[in-house]
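Hi there,

Here is the structure I promised to pass on to you. Have a look at it first, and then read my notes below.

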Amino acid sequence: MDQSTTVVDIDFGMSQLSGNKKLLFTLLGKFTDEYRSLDADLQAHVAKGDFNEAYSLVHTLKGVTGNLGLFALHNASKPVESGFRNDKRVAEQYPAFIAVLDETIAAVDALIKEPEVTASAPAPANGAAAEQARKQLMTALKASEFIAQDKLDEWLDALALPQEKRSAIIDAVDELDYEEAISELENS
């Protein structure tokens with residue numbers, strides 16, 4: 001796939017942040033907050049003839065989008081930035097740039113709202129946190145490690161298992177029947 005037309009490249013964004021998806025989503029949320037009014041801000045600067053400030057806004061946007069993996073907007077900003085900086089005018093690509101800005105903000109909004117929808121839904125749990133909790137619990141069970149109740153609760157909360165499955169795992173761990181706990185976890 002041509003990276004230059006990618007609206008949101010999650011894998012690239014996470015690679016910039018050592019795989020921290022939560023931080024990426026936080027930064028994407030800040031991005032939409034910051035740039036939602038960019039069109040109006042730029043038009044106000046142009047109306048005042050302040051092309052240096054318009055250039056500064058687009059230049060900053062270009063850097064942010066390049067680092068977050070918002071490549072379509074990053075590339076669309078280049079001629080607009082150049083028009084403000086070099087020609088002291090609005091580039092002919094400005095309408096296309098605004099269209100890509102709107103598309104990017106809509107895509108980011110949909111992406112960062114997605115976990116809220118799933119998080120508010122009942123079990124099963126979603127995402128990396130649940131998968132990590134499952135792996136850690138399974139590793140502890142297979143190693144026959146002592147599992148403190150608060151740690152067990154934390155893992156089970158992340159998994160959001162049905163109450164009967166949760167109780168069965170807790171009972172098995174309390175009885176040190178780790179084989180049964182593993183079986184219950186594998187069948188959840």
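**How two helices cross**

The crossing of α7 and α10 is left-handed. Please keep in mind that this is a predicted model. Two packed helices are described by the angle between their axes and the distance between the axes. Here, the axes of α7 (residues 127-142) and α10 (residues 178-186) come within 9 Å and cross at roughly 155°. Angles over 145 degrees count as roughly antiparallel, so α7 is roughly antiparallel to α10. To see the contact, show the side chains: from α7, R134, L137, M138, L141 and K142 take part, and they meet Y178, A181, I182, L185 and E186 of α10.

**Helices with a buried face**

Now turn to helix α8, residues 149-159, where L152, W155, L156 and L159 are buried. Looking down the axis of α8, you will find these buried residues within an arc of 95°, so they line one face of the helix. What do the buried residues of α8 pack against? Their partners are α7, α9 (163-174) and α10.

Helix α4 runs over residues 51-68, which is 18 residues. From its first C-alpha to its last, α4 reaches 26 Å, close to the 26 Å expected at 1.5 Å a residue. Its buried residues are F51, A54, V58, L61, K62, T65, G66 and L68. Seen down the axis of α4, they fall within an arc of 165°, so they too line one face of their helix. After α4 comes G69, with a positive phi near 80°.

Most residues other than glycine have a negative phi. Which residues have a positive phi here although they are not glycines? Two of them are K88, at about 50°, and S144, at about 55°. K88 sits in the loop between α5 (71-87) and α6 (94-120), and it is partly exposed, with a relative accessible area of 41%. S144 belongs to the loop between α7 and α8 and is exposed, at 53% relative accessible area.

Enjoy exploring, and write back with any questions!

Best wishes

Note on methods. Residues are numbered from 1 along each chain as its sequence is written. This is a predicted model: local features need pLDDT of at least 70, side-chain atom pairs count only at pLDDT 80 or more; totals for chains, interfaces and linings use all residues. Side-chain values use heavy atoms; hydrogens and water are left out. Helices (H or I, at least four residues) and strands (E, at least two) are DSSP runs, numbered from the N terminus. The expected span of a helix is 1.5 Å times one less than its number of residues. Buried means under 20% relative accessible area, exposed over 50%, partly exposed in between (1.4 Å probe, protein chains only). The arc is that of the directions from the helix axis to the C-beta atoms. Axes are lines fitted to C-alpha atoms, for helices over the stretch in contact, and angles run from 0 to 180 degrees between N-to-C directions. Angles under 35 degrees count as roughly parallel, over 145 as roughly antiparallel, 65 to 115 as roughly perpendicular and the rest as oblique. A crossing is left-handed if the near helix is turned anticlockwise from the far one by less than a right angle, and right-handed if clockwise. Contact means heavy atoms within 4.5 Å.
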